[in-house]
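Here is a friendly walk through one part of a protein model. Have a look at the sequence and the structure first, and then read on.

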Amino acid sequence: MKIKLITVGKLKEKYLKDGIQEYVKRLGRFAKFEAIELPDEKTPDKASSAQNQQIMAREAERIMAKVAERDFVIVLAIEGQEWTSEDFSKKLADATLRGFSDITFIIGGSLGLALQIKKRANLLMSFGRLTLPHQLMRLVLVEQIYRAFMIQEGSPYHK
């Protein structure tokens, strides 16, 4: 199995990089992990709605270039479904049972994601209505992916 994380914007904070790297190392026994950081578009101060849509469209082109036709795609979006860790674990297990060997997660930039990305998703996932920095969300997501595999294994890590 391969887990791919596509994000818009560069991760700069060392403590977040270290945390993500720790969970990627732990995930290694379950899946191959690939992180793809795509450049974000510069957003002018007081950008119009039309400018924001154009920025998201350019970011969407870069994202879609990294998504394969056979990928099972989970997009992080505030309007997505919220699950318990156990439910999330089942969603990943179900995807593999349905024949998907590549699961791709997408986290958009500061403006969010274009509609075409959300339409490509097999699932829209939300971690709640709180607004979190996208860089921190990467760490939380990678930990939850690791937790999902540990739940499938019946490990006490989850408790």
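This is a predicted model: local features need pLDDT of at least 70, side-chain atom pairs count only at pLDDT 80 or more; totals for chains, interfaces and linings use all residues.

Let's start in the loop that links strand 5 (123–125) to helix 5, where Phe-127 sits. Phe-127 has a relative accessible area of 32%, so it counts as partly exposed. Setting aside residues up to four places away in sequence, Phe-127 touches Leu-76, Met-137, Val-140, Leu-141 and Gln-144.

Is Gly-108 buried or exposed? Its relative accessibility is 5%, under the 20% cut-off, so Gly-108 counts as buried. Gly-108 lies in the loop between strand 4 (102–107) and helix 4 (115–120). Beyond its neighbours within four places in sequence, Gly-108 is in contact with Val-8, Leu-113 and His-134.

## Where helix 3 meets helix 5

Helix 5 (residues 134–153) also packs against helix 3 (residues 85–97), at an angle of about 80 degrees and with axes 8 Å apart. The two helices are therefore roughly perpendicular to each other.

On the helix 3 side, the contact is made by Ser-85, Glu-86, Phe-88, Ser-89, Leu-92 and Ala-93; on the helix 5 side, by Gln-144, Ile-145, Arg-147, Ala-148, Ile-151 and Gln-152. Sorted by class, this contact has six nonpolar, four polar and two charged residues.

How values were computed: Residues are numbered from 1 along each chain as its sequence is written. Side-chain values use heavy atoms; hydrogens and water are left out. Axes are lines fitted to C-alpha atoms, for helices over the stretch in contact, and angles run from 0 to 180 degrees between N-to-C directions. Helices (H or I, at least four residues) and strands (E, at least two) are DSSP runs, numbered from the N terminus. Angles under 35 degrees count as roughly parallel, over 145 as roughly antiparallel, 65 to 115 as roughly perpendicular and the rest as oblique. Contact means heavy atoms within 4.5 Å. Ala, Val, Leu, Ile, Met, Phe, Trp, Tyr, Cys and Pro count as nonpolar, Asp, Glu, Lys and Arg as charged, and the others, Gly among them, as polar. Buried means under 20% relative accessible area, exposed over 50%, partly exposed in between (1.4 Å probe, protein chains only).
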